[in-house]
Amino acid sequence: MPTALCSAILERALPQNTTFAGARSYGIEASPVGEAIAQYSAIVLGATGNVGGRIVQLLIKNPLCKKMVVVTRRKTDAFADPKVSEVVVNMDRLEEEVAPHAQGVDVALAAFGVGKGSAKIPEEEVRKIEIAYPQAFCRAAKAGGARVCGVMTAAGADPEAGMKYAKIIGEKEKAVESVKFDFLGLYRPAVILGNSNTPGVLGYVLPLLQWAVPSKYHSIHKNDLARAMVAQSEQAFLAIAQGNAPKEPTVKILEYKEMDPFFVKGESDEP
């Protein structure tokens, strides 16, 4: 492909300021001659869930991810790839038990939470799952060297909200912000489609109603959400590796319209 045409395609297809190396996370193999491509290691919490499982699949296929640690509550043997190591932990001792395995990681991704089942679980337990565990994971990752973190929260997150779940998720965001990564992405999906907990019929109905609701409440497929978390985190890591990142810690909230540029056509059609 001619260089000028390739550049034009990249300019239209990728989010602003994406590097040529970062383009590889979008399935585009292109980089200027002489540009060093930085690889990274990742650690993932929630890898056995719908979104977390897709994150792991994306990272396995991504040549920029050289190795990955997945943190689980029970042994699964679900990740048969040489770049993946699985660590089983006692969640109530998560920070302590993850710490030795987090040494040298660059990117931490947490797609972990209660979600739809929060109304059936005591509030104390919801707070452990949504706030204490993700914060402990983030602390262990930061202590191990991670400079970039992505955390799945939820649309409407607000520590001052009147609705209990929105308030707890808002407190979750504040808890992980306190860890002070160089870059923290907070991903706020509304209804997640393709999720085992979401009725399949909603995958047909909700997209037809997008025009009638604010964009931040648009439904999002689990594969698109996972793609956004991986691609934005990779873009942030590459900016840091190339010395192009802000000197102060950055927190970026990504609702539907901020995640949309990272979607890949056909991605949500895959399992």
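Here is a short briefing on a helix, its packing partner, a loop residue and an aromatic pair. The model is a predicted one. Helix H4 covers residues 123-144, and helix H5 covers residues 164-177. Serine 178 sits in the loop that links H5 to strand S6 (183-187).

**Helix H4**
- With 22 residues at 1.5 Å a residue, H4 should span 32 Å, and its end C-alpha atoms are 31 Å apart, which agrees.
- H4 has a bend of about 30 degrees, located at isoleucine 129.
- Glycine 145 follows H4 and has a positive phi, near 120 degrees.

**H4 against H5**
- The two helices, H4 and H5, pack with their axes 9 Å apart and at an angle of about 20 degrees.
- Because angles under 35 degrees count as roughly parallel, H4 is roughly parallel to H5.
- The crossing of H4 and H5 is right-handed.

- From serine 178 to glutamine 135 the C-alpha to C-alpha distance is 8.7 Å, while 43 residues separate the two in sequence.

**Aromatic rings**
- There are 3 aromatic pairs in the model.
- One of them joins tyrosine 256 and phenylalanine 263, with 5.7 Å centre to centre and 75 degrees between the planes.
- Planes over 60 degrees apart count as edge-to-face, and the pair of tyrosine 256 and phenylalanine 263 is edge-to-face.
- Both tyrosine 256 and phenylalanine 263 are buried.

Note on methods
Residues are numbered from 1 along each chain as its sequence is written. This is a predicted model: local features need pLDDT of at least 70, side-chain atom pairs count only at pLDDT 80 or more; totals for chains, interfaces and linings use all residues. Side-chain values use heavy atoms; hydrogens and water are left out. Helices (H or I, at least four residues) and strands (E, at least two) are DSSP runs, numbered from the N terminus. The expected span of a helix is 1.5 Å times one less than its number of residues. The bend at a residue is the angle between axes fitted to the seven residues ending there and the seven starting there. Rings of Phe, Tyr and Trp (its six-membered ring) pair if their centres lie within 6.5 Å; planes under 30 degrees apart count as stacked, over 60 as edge-to-face and the rest as tilted. Buried means under 20% relative accessible area, exposed over 50%, partly exposed in between (1.4 Å probe, protein chains only). Axes are lines fitted to C-alpha atoms, for helices over the stretch in contact, and angles run from 0 to 180 degrees between N-to-C directions. Angles under 35 degrees count as roughly parallel, over 145 as roughly antiparallel, 65 to 115 as roughly perpendicular and the rest as oblique. A crossing is left-handed if the near helix is turned anticlockwise from the far one by less than a right angle, and right-handed if clockwise.
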